[in-house]
Amino acid sequence: SHKSPQGNLGRAVTEVTVGNCNWTSEPVEGKTYLARTRYRQPLQPAKFTIHNSSLRRRASQGQAKFIIQFSSPQTAAPGQSLVLYDGDTVVGGGIIV
């Protein structure tokens, strides 16, 4: 990976949209969870929000899209999986779109 002069990895993002989600427990909008986009990646703090508030009813069915805002830039690309954790417990996850 190539780092910029500021020390950031190329193509690093602080926000991703996630769809096709499956939840083991209902996530809380506005809560900061821990997230991982790559196998064995250290968990990263990330805030969870619903992409469109009119989709709240469909959220629990995995039909809505969600925004994940990382507290620091992460390398993530469409098609990668993202998993959310509440401490050591998996909350659920989806595919970055």
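Strands S2 and S5 run antiparallel and are joined by 3 bridges. In this pairing, alanine 35 stands opposite leucine 84 in S5. Keep in mind as you read that this is a predicted model.

**How the strands pair**

- S5 covers residues 81-86, and it pairs with S6 in the antiparallel sense over 6 bridges.
- To find this pairing on screen, look for valine 83, which stands opposite glycine 93 in S6.
- S5 and S6 form a hairpin with 2 residues between them. Glycine 87 sits in the turn and has a positive phi of about 70°.
- S6, made of residues 89-96, also pairs with S1 in the antiparallel sense, here over 4 bridges.

**The chain as a whole**

- The protein chain contains 1 helix and 6 strands.
- Starting at the N terminus, the order of these elements is β-β-β-α-β-β-β.
- The chain has 97 residues, and 34% of them count as buried.
- Take the contacts in the chain with a separation of 6 or more: 58% of them are accounted for by residues 24 or more positions apart.
- The accessible surface of the chain is about 6,000 Å², and carbon and sulfur atoms hold 48% of it.

- The chain has a mean pLDDT of 84, with 77% of its residues reaching 70 or more.
- Which element has the lowest confidence, and which the highest? Helix H1 (residues 56-59) is lowest, at a mean of 50, while S2 is highest, at 97.

**Two buried residues to look up**

- Threonine 37 lies in the loop between strand S2 (32-36) and strand S3 (44-50).
- Is threonine 37 buried or exposed? Its relative accessibility is 8%, so threonine 37 counts as buried, the cut-off being under 20%.
- Leaving out residues up to four places away in sequence, threonine 37 touches Phe70, Thr75, Ala76, Gln80, Ser81, Leu82 and Ile96.
- Glutamine 74 belongs to strand S4, which spans residues 66-75.
- Glutamine 74 counts as buried because its relative accessibility is 6%.
- A polar atom of the glutamine 74 side chain lies 3.1 Å from the backbone oxygen of serine 72.
- Again leaving out residues up to four places away in sequence, glutamine 74 touches Arg11, Ala12, Val13, Gln41 and Gln44.

- Most residues other than glycine have a negative phi. The next residues are therefore worth a look, given that background.
- Asparagine 20 has a phi near 50°, a positive value in a residue other than glycine.
- Asparagine 20 is part of strand S1. Its relative accessible area is 58%, so asparagine 20 is exposed.
- Arginine 40 is not a glycine either, yet it has a positive phi of about 65°.
- You will find arginine 40 in the loop between S2 and S3. With a relative accessible area of 67%, arginine 40 is exposed, because the cut-off for that word is over 50%.

- Serine 25 sits in the loop between strand S1 (12-23) and S2.
- Serine 25 and aspartate 86 are 61 residues apart along the chain, and their C-alpha atoms are separated by 9.9 Å.

Definitions and conventions: Residues are numbered from 1 along each chain as its sequence is written. This is a predicted model: local features need pLDDT of at least 70, side-chain atom pairs count only at pLDDT 80 or more; totals for chains, interfaces and linings use all residues. Side-chain values use heavy atoms; hydrogens and water are left out. Buried means under 20% relative accessible area, exposed over 50%, partly exposed in between (1.4 Å probe, protein chains only). Contact means heavy atoms within 4.5 Å. Accessible areas come from the Shrake-Rupley method with a 1.4 Å probe; for residues, only the protein chains shown count as cover. Two strands pair if DSSP finds at least two bridges between them. pLDDT is the predictor's confidence in each residue, from 0 to 100. A polar contact is a pair of N or O atoms within 3.5 Å; within protein, one must be able to donate a hydrogen and the other to accept it, and residues adjacent in sequence count only if both atoms are side-chain atoms.
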